[in-house]
Amino acid sequence: LDRDLMLMSRVASLIHSMIPLEIIRCLNLPRAAENFVDIMKYQVDLRTEGENLQRFRSNFGCDERDQLRKDATHKSPNMWQDGFLDSFVSGVFSWIAKSVSSEKKDIVSFPRPVEGWIAQDVLVEDLISDDSTQDRNVSGSSKDAYNAQTISSTVSPIADFLSDDSIEGMRSRKALAAPLLRAFLKMVFVDNFIHCDLHPGNVIVKTIFEETNDQSSTHDQNETKKSYENKRFEIYFLDAGIVTSLSQVDKQNLKDLFKSVILNDGKEVGRLMVDRAKHEECSQIDGGLEAFSNGMSGIVSEFHDKRDSGLSLGAIGIGELLGRVLDLCRVYKVEVDPSMANIVISTLVLEGLGRSLDSDLNLIDFAFPFVIGNTVNRFK
C-alpha cells in the first residue's frame, strides 16, 4: 500500500511540474493525491477511527448525555426503600430520565470506543443493541398497587424504515429526517469535522418504547393494562474512518454560498471566492471576474427562485448546487480545496437518504440558523 501511494504521489507531482497547461495546474494534482493518501492511511489504521469517534462523541455531547442518563437511573439508597419518600425520589429520577430524552433535542450519537481495546488492527466499540429495563414507582402501599414502567428498544438499519409506507412508517421517516439533516449541517458549519461515509449502511436507529403497566387490587391478579407512550428515536452513525475538514477559507466560501441562496446574492459570493482563492486566473482574463460572478449569480438565482415552491429536498438538490459551483470553478480556473469534493460526495449520499425519508423537508428552515445566525445546540 505504501509503495502504491508513494508512486501515485510522485506521478501527480511529475505531471504538475512538467506539463505546462494551466488546467493541470489548476487541478493541483499533488494536493489531490495527498488528500487521497491521507484518507487511505486513515482507513487502514483503526486508531484513527477510534480518535474520530471520540471527537464526534465530544462534538455531539454523547459522554455528557450518557452520564446524565446513568445518574438519572441511579437507584436510591436502602434507607429510601419503602413508603412515601421512596415514591417521591423514584418520581424525581423518572422525571430526570424523561428530561434527558426530551424530544426538544436531537439524539444523534456514535458508538463509544472501549478504552484499552484500540489498536492499529483492532477496535472494539460499544454494542448498540435491543434492550429492556424496568423502573417501578411505588404508590402508597406496595401491597395495594404499583405502576411499573418498562423501557424497551429495538435497533435496526435506517434502510428498514425506507420500505415502510404505512401511516406510522411515514411518521417515523419524517421524525428521522430532521435530526439527520441537522446533524450533517452541524458537522459542516459548526464543528468543521465531517463524516464522509454516511450511506444508509452506516446509519442505525434505536427505537425506544416506554410501556406502562398498571395493575391494582381492584383487578384480577392476571389482568394488566398496558399502554405505549413516548416512542422516540436515537440515530447512531457508524464507521467514522473517513472524515474531512475544510480550510477556513473553503468553509467560509461554503457558508457564503448557502447564505447567497437565501439572500439571492450570487455575484458577491463569486467575487469573494476569487479573492480568497490560493490560485486563480479568473481575474487575469478580460471580463473573467465578471463572467465568473455572473455564472455564480445565475446558479444561485435558479435555486433561490425555487423558494416559491419550497426549497424542499424533493424540489432541489444540495449536491447539484455544489457540483455546478465546482464545475464553474474548473471552467474559470478558480482553485478549490480537494477536500471540497468529499463534501460534495457526502452531501449527495446523505441528501438521497434524506429525500427518501422526507422529500418535503424545507432546507431553508434548517440551513438558516447555521449560515445566518447563531445555532442553538440541539445535541447536548
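## How α8 and α9 meet

Helices α8 and α9 are oblique to each other, a label for any angle left over once under 35 degrees is called roughly parallel, over 145 roughly antiparallel and 65 to 115 roughly perpendicular. Their packing angle is about 125°, and their axes are 10 Å apart. Axes here are lines fitted to C-alpha atoms, for helices over the stretch in contact, with angles between N-to-C directions that run from 0 to 180 degrees. On the α8 side the meeting involves Val188, Phe189 and Val190, and on the α9 side Lys251, Leu254, Lys255 and Phe258; contact means heavy atoms within 4.5 Å.

A word on where this comes from: the model is predicted, so local features need pLDDT of at least 70 and side-chain atom pairs count only at pLDDT 80 or more, while totals for chains, interfaces and linings use all residues. Residues are numbered from 1 along each chain as its sequence is written, and side-chain values use heavy atoms, leaving out hydrogens and water.

## The α9 and α10 pair

Now for the other partner of α9. The axes of α9 (residues 248–263) and α10 come within 9 Å and cross at roughly 170°. That angle makes α9 roughly antiparallel to α10. From α9, the contact uses Val249, Gln252, Asn253, Asp256, Leu257 and Ser260, and from α10 it uses Gly266, Val269, Leu272, Met273 and Arg276.

Which residues of α10 (residues 266–276) are buried? They are Gly266, Val269, Gly270, Met273 and Val274, where buried means under 20% relative accessible area, exposed over 50% and partly exposed in between, using a 1.4 Å probe and protein chains only. These residues span an arc of only 140° around the axis, so they sit on the same side of α10; the arc is that of the directions from the helix axis to the C-beta atoms. As background, an α-helix has 3.6 residues a turn, so residues three or four places apart point the same way.

Met273 belongs to helix α10 and is buried at 8% relative accessible area. Its C-alpha is separated by 8.6 Å from that of Val249, which is 24 residues apart from Met273 along the chain. Setting aside neighbours within four places in sequence, Met273 is in contact with Asn253, Phe292, Met296, Val325, Cys329 and Val334.

## Cysteines

How many disulfides does the structure hold? The count is zero, a disulfide being a pair of cysteine sulfur atoms within 2.5 Å. For Cys282, the nearest cysteine sulfur is that of Cys329, 9.1 Å away. Cys282 counts as buried at 1% relative accessibility, and Cys62 is buried too, with a relative accessible area of 0%.

## Two alanines

Ala178 is found in helix α8 and is buried, with a relative accessible area of 12%. Asp358 is 180 residues apart from Ala178 along the chain, yet their C-alpha atoms are separated by 8.4 Å. Beyond its neighbours within four places in sequence, Ala178 is in contact with Leu361 and Phe366.

Ala341 lies in helix α13 (residues 339–357) and is partly exposed, at 36% relative accessible area.

## Loops with a positive phi

Most residues other than glycine have a negative phi. Asn192 has a positive phi of about 55° although it is not a glycine. Asn192 is found in the loop between α8 (167–191) and β6 (194–195), and it is buried at 9% relative accessible area.

Asp239 has a positive phi as well, near 50°. Its loop runs between β8 (225–237) and β9 (243–244). Is Asp239 buried or partly exposed? At 28% relative accessibility, Asp239 counts as partly exposed.

Strands β2 (residues 113–118) and β3 (residues 123–125) pair in the antiparallel sense over two bridges; pairing takes at least two bridges found by DSSP. A hairpin through four residues joins β2 to β3, and Ile118 stands opposite Leu123 in β3.

Overall, the protein has 14 helices and nine strands. Of the 380 residues in the protein, 43% are buried. Among contacts between residues at least 6 apart in sequence, 75% join residues at least 24 apart.
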